[in-house]
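Here's a quick walk through this one, grouped by topic. Have the viewer open and follow along as you read.

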Amino acid sequence: MQKPDLVIVGAGPAGMAAANQAAELGLKVCILDEQSNPGGQIYRDVDRVAPIRGDALGADYTYGTRLTDKLHHANIVHMSGATVWAIEKGFCVSYTQNGRGAQIIADHILLATGALERPMPIPGWTLPGVMTAGAGQILLKQSGVVAQNAVLVGSGPLLYLIACQMLRAGSAPKALIETQTGADTRAALRHLPRALQGWPYLVKGLKMLAAIRRAGVPRYQGTASVSITGTDHVEAVHFMHKGRTKSISCDTVFMHHGVVPNTQAARSLGIAHHWHNAQQAFVPKLDEWGHSDFAGVFIAGDSAGIGGAKTAEAYGKLTALKIAEMTGRLTVGERDRKASPIQRSLSHELAARPFLDTAYPPFNAALTPSDNTLICRCEEVTAGDIRRYTKLGCTGPNQAKAFGRAGMGPCQGRYCGLTVTTLIAKETGQSPDTTGYYRIRPPLKPVTLGEIAAMDITTDESPQ
Amino acid sequence: MKTASTFRELTREPRVEVTLDGEKLCLPDGANLAAALLVAGVTTFRKTPVSDTPRGPFCMMGTCFDCLVEIDGVARQACMLNVRAGLAIIRLPDAQVPNAET
């Protein structure tokens, strides 16, 4: 294909909105996305699914077709089922599609790689049948598969959303075991005046809570000491509630206590990140247009910092405007004129966030788990192991690899990295920024020698 | 094979035959493989190389690698594959799971 002006990694709201905005301004855009259909996780498979399950999933999901529709633009090439495994200077993006490796060259890169569920290491979280709430939603969205006899554990509006979607799909969850406390709710009240500017989100939340109450699904709030047990599969969730120990038997647990930026691709390029205290996660350092400290590399959407789907869409468009200006398609004045209504919409979109972040903080016991809790799922390293390494002199996550392989399994630290940083920082008394994070190197996803051997290298630099 | 599942399909899709560890299994054609195996009552997708304990799908979006199964000699994420007739799925018993040395 012709060399594009912009390669976008990820076809979620940020990637799709950026592609559309850039294409309308005359840029040639290529989107690489590892799913077989566009939408990202929030609008997963929406083109196919909206007509058949749109009612159960709700209008906020079917809205995604407005973005997928706009991918049919002459200036956009959407490569689906394309897994990016390396991004190198130049920029040369290596990916696998249909069992063959391939490379594409572009001057500008937009990483729109979205979010991951915040790791929630509690005892028993590796048992089959324990999944993320996001996984529960994906099952419902893409596959029309609903869990029966399921319990939802953690904190955050996503738990209410999946509960409501399960209700509409005819399988009410057995209970919500919520970790936020009354003190969290009271602390959030000071953010309520600003949150009222984002009142549609609050109304949606109240409606969801009303639906859960009407359905008679019990909610246990302010729970502590949450653990999951089972032999080869989840059998029960145990927790403390109002000073008493409770157990609920179940076949599936969907857990959630927020989402965090997926920074793997950005980190592989050495882009600077900093610790975001309110989000309890690392976010990349970016300017107002999403430009990173690596010239030519932009980041938008949840991979730039958690803001949700509409915020991702807005930042995707802003990034595209900046790249259009940098490539001479827009003057600075034209860029700013197009940007200002988008920037205004952002303040409304973000208004409710401080309230929600404070009312639904991460579950503290899962940020600094008990010693015998597994924190690295792949290499089966416990929180106690990390604390022990620290006492032996381990000062950061990269050293922790040498001490005991944490972060060296197939997930490449995606589900233990933040926990390892937090644990080491707590033990040493250093900040998460000083403690740092795993160095991420390509391949970002597994690639076989066969896929590399099948690579068709047709870059300008290749010998004729 | 065992078909009791704690997961329910909202609409039943046409089935095709695949094998899991050599045993015949009927799964919805074109469906997400991890979702299809869960509906078929499969809970353990692999055992871990470190402690030989069972794992099943966790993230359903290609990031956790707990749903790795072997297809044509290669460890693949079941949640990133689609069901097709004749698929031969092998559950990984040991240390064949790829490790990313970083």
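## A hairpin to start with

In chain A, strands β14 (residues 224–229) and β15 (residues 236–241) run antiparallel and are joined by 4 bridges. They make a hairpin, with 6 residues between β14(A) and β15(A). To find the pairing on screen, look for T229(A), which sits opposite A236(A) of β15(A). Keep in mind that this is a predicted model.

**Helices in chain A**

- Helix α6 of chain A covers residues 157–168, and its 12 residues reach 17 Å from the first C-alpha to the last, close to the 16 Å expected at 1.5 Å a residue.
- The buried residues of α6(A) are L158(A), L159(A), Y160(A), I162(A), A163(A), C164(A), Q165(A) and M166(A).
- How enclosed is α17(A) by the rest of the structure? Largely, because 9 of its 12 residues are buried.
- Those buried positions in α17(A) are G417(A), L418(A), T419(A), V420(A), T421(A), T422(A), L423(A), I424(A) and A425(A).
- After α17(A) comes G429(A), and its phi is positive, near 80 degrees.

**A buried arginine**

- R335(A) belongs to helix α12 of chain A, which runs over residues 332–350.
- Is R335(A) buried or exposed? Its relative accessibility is 9%, so R335(A) counts as buried, the cut-off for buried being under 20%.
- Neighbours within four places in sequence aside, R335(A) is in contact with W289(A), L321(A), K322(A), E325(A) and L330(A).

**The nonpolar core**

- The largest nonpolar core has 177 residues, and those with the most contacts inside it are L32(A), L111(A), V237(A), I386(A) and L33(B).
- Helix α11 of chain A (residues 309–326) gives this core its largest share, 8 residues.
- Which residues does L33(B) touch, leaving aside its neighbours within four places in sequence? They are L27(B), V69(B), I71(B), A78(B), L81(B), N82(B), V83(B), L87(B) and I89(B).

**Chain B at a glance**

- Chain B has 8 strands and 1 helix, and from the N terminus on the order is β-β-β-α-β-β-β-β-β.
- Of the 102 residues in chain B, 50% are buried.
- Take the contacts in chain B with a separation of 6 or more: 46% of them are between residues 24 or more positions apart.
- The accessible surface of chain B is about 4,400 Å², and carbon and sulfur atoms account for 50% of that.

**Confidence in chain B**

- Mean pLDDT for chain B is 90, with 88% of its residues at 70 or more.

- The peptide bond from G90(A) to F91(A) is cis, with omega near -10 degrees. F91(A) is in the loop between β4 (82–88) and β5 (92–97) of chain A.
- Another cis peptide bond joins P442(A) and P443(A), with omega about 0 degrees. P443(A) lies in the loop between α18 (432–435) and α19 (449–453) of chain A.
- D21(B) isn't a glycine, yet its phi is positive, near 50 degrees. Look for D21(B) in the loop between β2 (15–20) and β3 (23–28) of chain B, where it counts as partly exposed at 38% relative accessibility.
- M60(B) is also a residue other than glycine with a positive phi, near 60 degrees. Its place is in the loop between β5 (54–55) and β6 (68–71) of chain B, and M60(B) is buried, with a relative accessible area of 1%.

Conventions
Residues are numbered from 1 along each chain as its sequence is written. Chains are lettered from A and ligands numbered from 1 in the order in which they are written. This is a predicted model: local features need pLDDT of at least 70, side-chain atom pairs count only at pLDDT 80 or more; totals for chains, interfaces and linings use all residues. Side-chain values use heavy atoms; hydrogens and water are left out. Helices (H or I, at least four residues) and strands (E, at least two) are DSSP runs, numbered from the N terminus. Buried means under 20% relative accessible area, exposed over 50%, partly exposed in between (1.4 Å probe, protein chains only). Contact means heavy atoms within 4.5 Å. Accessible areas come from the Shrake-Rupley method with a 1.4 Å probe; for residues, only the protein chains shown count as cover. A nonpolar core is a set of buried Ala, Val, Leu, Ile, Met, Phe, Trp, Tyr and Cys residues joined through side-chain atoms within 4.5 Å. pLDDT is the predictor's confidence in each residue, from 0 to 100. The expected span of a helix is 1.5 Å times one less than its number of residues. Two strands pair if DSSP finds at least two bridges between them.
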